[in-house]
Amino acid sequence: MDRRHALKLFAGGSIGALAIAQAPSAFAQAGPLYKDPRAPIPARVTDLMARMTLDEKIQQIRTAWQGKGEMIDGLVFDPEKASAAFPDNIGHVTRPSDKRGAPGVTGAAGGTAARWRTPRQTVEFINALQRWATQDSRLGIPVLLHEESLHGYMATDGTMFPQAIALAGTFDTDLMRRVQAVIAREVRARGVPLVLSPVVDIVRDPRWGRIEETWGEDPHLVAEMGVAAVEGLQGPGRFEKLADGKVFATLKHMTGHGQPEAGNNVSPAEISERELRDNFFPPFREIVRRTSVGAVMPSYNEIDGIPSHANAWLLGTVLRGEWDFDGVIVSDYGGVDELATLHHVAADLEEAAHQALIAGVDSELPEGVAFATLKDAVEAKRVPVELVNRACARMLAFKMRAGLFENPYGDAALAASITGNEEARALSLEAARKSLCLLKNEGGTLPLDPVRMGRVAVIGPNHAIARLGGYSSVPKQAISLIEGLRLIAPEADFVTAQGVFITASEDRSQDEITLADRQENLRLIAEAVEVAKSADVIVLAIGDTEQTSREGFARNHLGDRTEIDIVGEQNALIEAMAALGKPLVVCAINGRPPSWPDVVVRADAMLECWYPGQEGGIAVAEALLGRINPGAKMPVTVARNAGQIPFFYNHKPSARRGYLFDDESPLFPFGHGLSYTQFEISAPRPGKTRYRADEAIEIAVDVTNTGMREGDEVVQLYITREEVSVTRPVLELKAFERVALSPGETRTLRFAIEPRQLAFWNRDMKEVNEPGPVTLSSGPSSASLKSVKVEIV
């Protein structure tokens, strides 16, 4: 019996016979079988489960976050307090790097050091916790710990890479793999084996404040970036035990999260099963198919009236059944208790816990308040003990796969040497360089020539602050745009002005958000005009703050918007700068797509920087001054009007007919991105014109740098299916490759579209590759393609 089948049986609860069959008698003589790393994991778990009380089992599927306050004295772990508060051990601790539970820390701003333990403090806390758990608790079961790592380890000194949506724009899976490997080693060095990333939701609504956390709108792009990310975090391929320096990944959030009703976080996802299977499921499915991804997190929202944390079809039939997922399912923070408090499908916390266990949730984050009701419910036979056993067994197996029974400790010296070191910093800079997307460049405004550009006015609310975006902590260094410019061109003449403030404060943890004072902003605009009058070129850094687009996790902590244009007086600032008649370069520093029609019209050049990470100021300065050549592409379609939403390139043939009094086209199409050089991409050249349904379509595409300087191009390969049983999108991305080419260089790229990539769900909801024509299209964006046709017979 192979490991995957064994763990699938085991995950479903059928562990007894399996463990007996796999447990060699030699192991039983050397002490408790569960402590022997040579023994099969199912056998070890069965042995351990037989020794556990109900209370101990329930603790293994609960977590402690605010509860950390009951195990610490100041910030130091206190074994006596822990033994008194947690007599049955602690199964899982939430985010050991933050000070949650310490007095007066709960409201500390996310972007300040006040919220975080230092790396050494984190390791000391974890090691003391694990010594207590393994030496002082009855059975010596180590504690599981998790952290956030959306675009870097969200903890003090952790390397902050460009925001997720920026990494998606690189279209570079090798880069993604290397970035995530650095994140993994920084996290694991502190003793943490699980991260709550990556986000593999496709996104179709820029009103949603969490769009920055995603890898865009396309299922194939998100899937390929997702596979690369999980391989970077965990290691490639399928395996049983986690390697040194690696962490288990968590796929978030299953699913439909990226197209919520009215763009509101947590709102229902009004999505059909066919739409789920065509677009929202594929990234999750592909990652489960190709990796040993450790965990999956259900989404907050509901689909067809059933919240994801109680959806047995979603988590059981599809995830564990059809896809054969053998890891653990961890709840989103509060996702289980919200079955009662928000969705009202459960009468109370006990019923919420029961529904979640039935659906397959194994660990309740961040505190386990609903699962805390399980002892009374099980003893009264309102909840079958088998559900608790199943979840507990999965969590114990997870800890064994993570190697916690052998070494649960962090290494403070190692963490100090690798966290935010020169290698990590260099990779963050490389990622920032590759994430910059040139949206517009009229008349070759960019790059600026340091010799001839004269005085440059660097203006705007984001010119002197390093914006990192959501799920960020405090890195060792963070470089703003003006700092980067002065580092790159110390002899140049830069003058600066604030222009406007966007919000009244920079505290991203603040619940209520207030825009900056209008009258003060108008005064600042007048000051900026005077500064800009003396300049030859204007560089305007505008966009978002970590307050204006963020996760709206509560009714009193909102993050979504009805307006997708820039907020505050930023449009007034752009109008005032454009009126001066000087070359105007806009740097968009933002977490949501730049749906700014006035800006696009008025700017001579526009560089999408996203939140470019801790080294972003250097990378953006290099791009402006021609030291590097931007080569990223847009991972989302950029709407020009909120009335177009949801807006995505892979729409059906009957969509996008047009509107009265407005343009139905996007501001920028999916896959768009310019360069300081020019490229020519050939039409696809398939190996033949007719293919069987079980054959891969092999394709060659030539790409040539026809310009005068080195640059990167992303060759994109799409298909169109017609004359089949159900409607299909007008375009579907099926392959891409980013290549660097010298002037005059030509490269032939070879792609293979597998039969499973051509398959779709027919009228009977069967996945088939039907016969019929397939249009193959290649080009630099979804709006600039050359095509040929082949036939599936």
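Trainee: Is C587 buried or exposed?
Mentor: C587 is buried, at 0% relative accessible area. Buried means under 20%, exposed over 50%, and partly exposed in between, with a 1.4 Å probe and protein chains only. Keep in mind that this is a predicted model: local features need pLDDT of at least 70, side-chain atom pairs count only at pLDDT 80 or more, and totals for chains, interfaces and linings use all residues. Residues are numbered from 1 along each chain as its sequence is written, and side-chain values use heavy atoms, leaving out hydrogens and water.
Trainee: And how many disulfides are there?
Mentor: The count is zero. A disulfide here is a pair of cysteine sulfur atoms within 2.5 Å.
Trainee: What about C437?
Mentor: For C437 the closest cysteine sulfur is also in C609, but 9.9 Å away, so too far for a bond. C437 is buried as well, at 0%.
Trainee: New topic. Which residues touch the most other members in the largest nonpolar core?
Mentor: M71 and L129, out of 138 residues. A nonpolar core is a set of buried Ala, Val, Leu, Ile, Met, Phe, Trp, Tyr and Cys residues joined through side-chain atoms within 4.5 Å.
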